[in-house]
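Here's a short tour of how some strands in a protein model line up with each other. Take a look at the structure first, then read on.

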Amino acid sequence: MVPAQRVYLLLILGIAIAPILAIFFGIPFTIALTVLFDIAILGLMVVDGVRSRRYRVQITRELPPRLSIWRDNPVVLKVTSEKVAATIQIRDYYPTGFDASVVTLNANVAMNTTQELTYTVKPTQRGEFPWGNIQVRQLGKWRLAWDDWQISQSLPVKVYPDLVGLRSLSIRLTLQSSGSIRQFRQIGIGTEFAELRNYRAGDDLRLIDWKATARRVGASGNTSPLVRVLEPEQEQTLLILLDRGRLMTQKVQGLQRFDWGLNATLSLALAGLHRGDRVGVGIFDRQMHTWIPPERGQHHLSQLIDRLTPIQPVLLESDYVGAVTNIVQRQTRRALVVLITDLVDVTASTELLAALSRLVPRYLPFCVTLRDPQVDTLAHTFTADITKAYTRAVALDLLAQRQIAFAQLKQKGSLVLDAPANQITDQLVERYLQLKARNQL
C-alpha cells in the first residue's frame, strides 16, 4: 500500500490550519485535534487501500513470438476491470539492457471493459533473456491509497536477428517477382526465357521472336510482333562467409558489427532463395566455426535463422585464407562468394587480398565491408579546434587506406562494397539483385 497524493495534501492542509486553530482554541487543543485529524486521514487511507484489493484489475501480456534485434518490438498489456472504474500505473519488468519507449504506463479503465496498452522495446543483444513480472498500482475509490502488487508473468524470451527487416524484404521481393515492381525484370536483362508479349515502342528489335510472330499471324491474323522477355538465370550458387573475429566485435551505433553483418547475411540469403539460387553460409574466425551447405527453397531460411542466431563474435584474429580454402574444397562449381568483414588499413588487408585472389577466376569473389558512419562524420566535418583537427586527420587517413585496399581488391578481380554498417543490408541486397539482373555470375 502506497499513500496517494491526496493524503499528503490533506496532511499539509491540517498543518496549515493548525496555527489558525491555536489562536481560537489554544495550543494543547489544536495539537490534539491535529493528531486526531492525521490519524483519521491515515485510517481512511488504510481502509481505502484494503477495500481496493477486492477490485484489482486483471492484466495479461502479449509479446511477438520472436523479438528482432535493434527493432521496436510491440508489447501489448491487456487490462480488464470488471467491478469498478480503475486508475492504474503499470511497470513491466522487461529484460535489463532493452531500450523501452516508456517506463511506466498510466491508464484509466472503465468498468466492465478491457483496454490495451502498448509500448515498444528495442533489444540490443541476441540471445535468451528473462522477462519479469508486472508491477501494478491501483488507486482506491476514495483516491487516498495505491494498492501495490505484482502479477506473475515471468517468462524467457528469445531475441533473433532483424526478422522485421526480413519480412519487409520478402514482401518487396514478392512484389518485384509478380510484376508490381518491375525494377529488375526488364526486357533484354538476363538469359532465361520468361514469356512472350506484344512489342512495345522502345523494345530491342533483336528480341523479336519471328517464328512465334509468324505462327500468330497465321493463326489469328494479328500482325503485332512478339518479343521475348528474358530474366536472370535461376539455380545458381550463392555462398556467404561471415567473419566473427576481433574486428566484428566492435560496436557501431550501439550494435556489434557482427550483428549488422548477420542481418545482412540473412537478408542476402532471403534474396538468393527468392531468386531460386542455392544458398550456403559459413561463419569463421581462426577456423570454420559453422558451415551450412547450400540449398534452395524458402524452408532453408528457417534453418539458417535457427543455426546462426546463437552465434556470437569472439576476440580472435580471423583466418581469411583458411576460410576461402575451406570453401574451395567444399564447392567445386562456380559460385558467387560474398565475404562480409571489415578493413583497418592496407597492411591488415594483405591476407584478405591473398584469400580473395585464390577465388579468381573460377569463382566470383565479392568483398563486403562495414564502415563506421562516425568515421565519415569526423572526416568530413571541418573544425578549427586543434584536438578535433587531429581526430579528423586520423579519420581521413583511415578512409584513404580503405580506398587503397579496395582498389587492390578490384585489380585482383573482386567485387567490392563498402557501406555504413546501418545501411549495409539494403545496399548489399540491391547490389546482388543487380548482379543477377546483369547475369554477371
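A100 sits opposite V121 in β8. That pairing belongs to strand β6 (residues 99-100), which runs antiparallel to β8 and is joined to it by two bridges. Strands here are DSSP runs (E, at least two residues), numbered from the N terminus, and two strands pair if DSSP finds at least two bridges between them.

Keep in mind that this is a predicted model, where local features need pLDDT of at least 70, side-chain atom pairs count only at pLDDT 80 or more, and totals for chains, interfaces and linings use all residues. Residues are numbered from 1 along each chain as its sequence is written, and side-chain values use heavy atoms, with hydrogens and water left out.

Here's how some of the strands pair up:

| Strands | Sense | Bridges |
|---|---|---|
| β6 and β8 | antiparallel | two |
| β4 (residues 73-81) and β8 (residues 113-122) | antiparallel | nine |
| β3 and β12 (residues 155-160) | parallel | two |

In β8, E116 is the bridge partner of K78. The C-alpha atoms of T120 and V75 are 5.7 Å apart, though 45 residues separate the two along the chain.

Now for β3: the open sheet has three strands in the order β3-β12-β9, with mixed pairing. Its edge strands, β3 (67-68) and β9 (127-131), each pair on one side only. L67 has V159 in β12 as its bridge partner.

Conventions: Helix = DSSP H or I, 4+ residues; strand = E, 2+ residues; numbered from the N terminus.
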